[in-house]
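Dear colleague,

I am passing on the structure we spoke about, and below it you will find my notes on what came out of it. Please read them with the model open beside you.

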Amino acid sequence: MSTPSLLILAGDGIGPEVMAEVTRIIDWYGKKRDMPFDVSEDLVGGCAYDKHGTPLHDDTMAKAQEVDAVLLGAVGGPKYDDLDFSVKPERGLLRLRKEMDLFANLRPAQCFDALADFSSLKRDIVAGLDIMIVRELTSGIYFGEPRGIFTEGNERVGVNTQRYTESEIDRVARAAFELARRRGNKVCSMEKANVMESGVLWREVVTKVHAESYPDVQLSHMYADAGAMQLCRNPKQFDVIVTDNLFGDLLSDAAAMLTGSLGMLPSASLGAPMANGRPKALYEPVHGSAPDIAGQGKANPIACILSFAMALRYSFDQGAEADRLERAVEKVLADGARTPDLMGPEGGTPLTTAQMGDAILAALD
Ligand code: NAI
Ligand code: MG
């Protein structure tokens, strides 16, 4: 098989700082595990605007369509706040997601034992937590027509439309069931079929996909509001949660905070399989460009490193190597390695971004 290809788009702010640590890990896999990657780098976001006048050059877009996986840092920053909407850094990221048709957004909520006290919930509720939220990313109320602010009689009305086709529900349901087979074999689908027709169709299609193709996976349904309560009450009851764009936006952010710092959270966005069978894929940390700490060596690189672990698992079929990397992260945390965002009241000396990278590389060795 040919060498797997990776396009790295480090972006703005702390993006390049955290990505530098991932690059060292990619090199480690090439040298120590005989797993070379064909890595290319390019610009996205504000840095692309500075050079090309657009947050994503057409050549970069074309490259992203060809590689096996894209790894992105973060985009944006105060320098670009006054730019026209059409060239804002975020537009570069939105264009990537849209043109690659990345319909399934995977957001794990995983609680490393050493950080369980960072959660807003009690330790025993979150320790060992490992769930995955699959959010539909390219349809639903953020895209449905009609939309806008209209005038009706003597007042204005703001309109958005929740809209899902059967095929859109079908493909994201399949993504969730496939994932569940590689994890705890359990899917909980969340909608509001009690008050929304799109939810009725959602439940129908998920049930049909399950019966036809994934009867071995345990399926349950929950109204999304009840799901939100259950996520806070007893999150460990879940394995994979599949839900629409709007509910997924809320539920994945809520689930993320069960586990503590933004600097720890990876994500993947997957699309349809390419000719080589691999899904179109973009991996990125959940956090932004953190202008308040950029350039100071304070950024936690773990979210970006765990995003690469997701790439190993979901794009390159290297689940054991992904486990190895996640275990290395777990070990350094258990040994007390902390970037400033992970410092508790007990104090101590925080590590720099590069020192955290050093520690993880040492644990890999
Ligand atoms: P942010 O995620 O950049 O920062 C929020 C807070 O978390 C800050 O105090 C920051 O220092 C901290 N933080 C974030 N990542 C961290 C890390 N790896 N290690 C340690 N601390 C970390 O969100 P914010 O401040 O709302 O946005 C800043 C810029 O980033 C804006 O221009 C925004 O548009 C952009 N942004 C980009 C995203 C992306 O590229 N996907 C996502 C969210 C925001
Ligand atoms: Mg959100």
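Pro146 has its place in strand 6, and the peptide bond that joins Glu145 to Pro146 is cis, with omega at about 0°. Please keep in mind throughout that this is a predicted model. The loop between strand 5 (130–136) and strand 6 (144–152) holds Phe143, which counts as partly exposed because 15 other C-beta atoms lie within 10 Å. Phe143 and Arg163 are 8.1 Å apart in space, C-alpha to C-alpha, although 20 residues separate them in sequence.

Asp101, in the loop between helix 4 (89–99) and strand 4, has a phi near 55°, which is a positive value in a residue other than glycine. Asn185, which lies in the loop between helix 6 (166–181) and strand 8, is likewise not a glycine and has a positive phi of about 65°. Asp101 is partly exposed, with 14 other C-beta atoms within 10 Å, and Asn185 is partly exposed, with 14 other C-beta atoms within 10 Å.

On the domains, the assignment gives domain 1 (1–108 + 262–365) and domain 2 (130–257), and their centres, taken over C-alpha atoms, are separated by 26 Å. The contact between them takes 13 residues from domain 1 and 13 residues from domain 2. On the side of domain 1 that touches domain 2, strand 4 (104–110) and strand 11 (266–273) each supply at least two residues, and strand 4 gives the largest share, 5 residues. The residues of that side divide into 8 nonpolar, 2 polar and 3 charged.

The largest nonpolar core has 106 residues, of which Val70, Leu71, Val134, Ala176, Ile241, Ile305 and Phe308 touch the most other members. Helix 10 (residues 302–314) contributes the largest share of this core, 11 residues. Because domain 1 and domain 2 both give residues to this core, it lies between them. If residues up to four places away in sequence are left out, Ile241 touches Ile131, Ile133, Val134, Cys188, Met190 and Leu251.

Helix 8 (residues 224–233) has Ala224, Gly227 and Leu231 as its buried residues. These residues lie on the same side of helix 8, because they cover an arc of only 45° around the axis. As a general point, an α-helix has 3.6 residues a turn, so residues three or four places apart point the same way. The buried residues of helix 8 pack against strand 8 (186–191), strand 9 (218–223), strand 10 (240–243) and helix 9 (245–257), whereas the face turned away from the buried side carries the exposed residues Met229 and Arg233.

Glu197 lies in helix 7 (residues 197–213) and is exposed, with 10 other C-beta atoms within 10 Å. The C-alpha atoms of Glu197 and Tyr164, which are 33 residues apart along the chain, are separated by 9.8 Å.

Finally, the ligand: 22 residues surround ligand 1, and the closest are Gly76, Gly263, His287, Gly288 and Asn300. By class, the shell around ligand 1 has 11 nonpolar, 7 polar and 4 charged residues.

With best regards

Terms used
Residues numbered from 1 in each chain as written. Chains lettered and ligands numbered in written order. Predicted model: local features only at pLDDT ≥ 70, side-chain atom pairs only at ≥ 80, totals over all residues. Near = placed C-beta within 6 Å. Nonpolar A, V, L, I, M, F, W, Y, C, P; charged D, E, K, R; others polar. Buried ≥ 20, exposed ≤ 12 C-beta atoms within 10 Å, placed from the backbone. Helix = DSSP H or I, 4+ residues; strand = E, 2+ residues; numbered from the N terminus. Arc of directions from axis to C-beta. Contact = placed C-beta atoms within 7 Å. Core = buried A, V, L, I, M, F, W, Y, C linked by C-beta atoms within 7 Å. Domains from an automatic or database assignment.
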